[in-house]
Amino acid sequence: MALALASCGGNKARPRADLAASKVTTIGVNAYLWRASLETLSFMPLVQTDSNGGVIVTDWYANPKNPGERVKVTVSILDQDLRADALRVAASRQVSQGGGWVDAPVQAATVQKLEDIILTKARDLRRRTITG
């Protein structure tokens, strides 16, 4: 009986893994997705950040190497779990034309690439937390 009781509560590895659980957060959304999103978009000026609602909105950003084009990004984190479907990225693109800015299509691969970068960073952050 002593052996059975010892095996019930003697697992020291569990608290460390629990430390990295997806819902251990003081904000309203998954902390790893939130931090990864902010890191990924850190080169762009931010207009709005709402950690409780899980929304990050950038201002227009023009790459200095291509000043005739600018991009604006909105990231929405929809859940407290670290899952691919808990992240939504939307982008708007404009090109300079006749002295003004005109809306232009954004390649679907651009949005997908941003999502992949954020998800990879979030998983890496979680992995580092678990392994210490």
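Guide: A salt bridge is a side-chain nitrogen of Lys or Arg within 4 Å of a carboxyl oxygen of Asp or Glu. This is a predicted model, where local features need pLDDT of at least 70 and side-chain atom pairs count only at pLDDT 80 or more, while totals for chains, interfaces and linings use all residues. Residues are numbered from 1 along each chain as its sequence is written, and side-chain values use heavy atoms, leaving out hydrogens and water.

Visitor: How far apart are N and O in the salt bridge of D81 and R83?

Guide: Side chains of opposite charge can pair when their charged atoms come close. R83 also has a salt bridge with D79, at 3.5 Å. For D81 and R83, the N to O distance is 4.0 Å.

Visitor: Which helix holds both R35 and E39?

Guide: These two form a salt bridge, with the closest N and O atoms 3.4 Å apart. They sit four residues apart, about one turn of the helix. Helices are DSSP runs (H or I, at least four residues; strands are E, at least two), numbered from the N terminus, and this one is α3.

Visitor: Is Q94 buried or exposed?

Guide: Look for Q94 in strand β4. Its relative accessible area is 11%, so Q94 is buried.

Key:
Buried < 20%, exposed > 50% of the residue type's maximum accessible area, 1.4 Å probe, protein only.
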